[in-house]
Amino acid sequence: MELDEYKGELIIDIDKDRLDEDWIIQPKMTLEYALELAEAKSELAFAKTSLEVVEAELSLKIRSDPVRYGIEKVTEATIASKILTNSVYQARTKDLHQAKHRVDVLEAAMTALEHRKKAL
């Protein structure tokens, strides 16, 4: 997702013939993106916690029955390897990466809005 595609608009465009209108909408746009960024950060924190929970649960399951997971000798490295290959763990990792990307895009939007404000 690119910044200019985020909401189907170019948030940094300034119409030199309508500066008064651009000034009026600037705070509203900034607030809108700031609220979205706050929501995205909350989702990122949730995704991180969810991944940590899955990791902890898998670690406990593997330690309690290592043979079931094909482990002969329990070491931190073998447990970590089994966790990394687990499909649920991989799905939560993907969710975390997507949430991080959304935060990054919204932070870029906020930076663009700050530059737009200075340009106005």
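Modeller: Let me start with Y89, which touches L51, V54, E55, L58, I83 and L84, leaving out residues up to four places away in sequence. Touching, or contact, means heavy atoms within 4.5 Å.

Biologist: Hi! What kind of model is this?

Modeller: This is a predicted model, where local features need pLDDT of at least 70, side-chain atom pairs count only at pLDDT 80 or more, and totals for chains, interfaces and linings use all residues. Residues are numbered from 1 along each chain as its sequence is written, and side-chain values use heavy atoms, with hydrogens and water left out.

Biologist: Thanks. Where does Y89 lie?

Modeller: Y89 lies in helix α3. Helices here are DSSP runs (H or I, at least four residues), and strands are too (E, at least two), numbered from the N terminus.

Biologist: And is Y89 buried or exposed?

Modeller: Y89 counts as buried, because its relative accessibility is 12%. The cut-offs are under 20% relative accessible area for buried, over 50% for exposed, and partly exposed in between, with a 1.4 Å probe and protein chains only.

Biologist: OK, on to the core. How many residues has the largest nonpolar core?

Modeller: The largest nonpolar core has 20 residues, and I83 and Y89 have the most contacts inside it. Such a core is a set of buried Ala, Val, Leu, Ile, Met, Phe, Trp, Tyr and Cys residues joined through side-chain atoms within 4.5 Å.

Biologist: Which elements give two or more residues to this core?

Modeller: Those are α1, α2 (76–84) and α3. The largest share of this core, 10 residues, comes from α1.

Biologist: What does I83 touch?

Modeller: Not counting residues up to four places away in sequence, I83 touches E55, L58, S59, I62 and Y89.

Biologist: New topic: how do the axes of α1 and α3 cross?

Modeller: Helix α1 (residues 19–64) and helix α3 (residues 87–119) have axes that come within 8 Å and cross at roughly 160°. Axes are lines fitted to C-alpha atoms, for helices over the stretch in contact, and angles run from 0 to 180 degrees between N-to-C directions. The two helices are therefore roughly antiparallel. Angles under 35 degrees count as roughly parallel, over 145 as roughly antiparallel, 65 to 115 as roughly perpendicular, and the rest as oblique.

Biologist: How do the residues of the contact of α1 with α3 divide?

Modeller: They divide into 21 nonpolar, 4 polar and 14 charged. Ala, Val, Leu, Ile, Met, Phe, Trp, Tyr, Cys and Pro count as nonpolar, Asp, Glu, Lys and Arg as charged, and the others, Gly among them, as polar.

Biologist: And how do α1 and α2 cross?

Modeller: Their axes come within 10 Å and cross at roughly 125°. That angle makes α1 oblique to α2. The contact is made by E55, L58, S59, I62 and R63 of α1 and E76, I79, K82 and I83 of α2.

Biologist: Last one: what about R92?

Modeller: R92 is in helix α3 and is partly exposed, with a relative accessible area of 29%. R92 touches S50, L51 and V54, not counting residues up to four places away in sequence.
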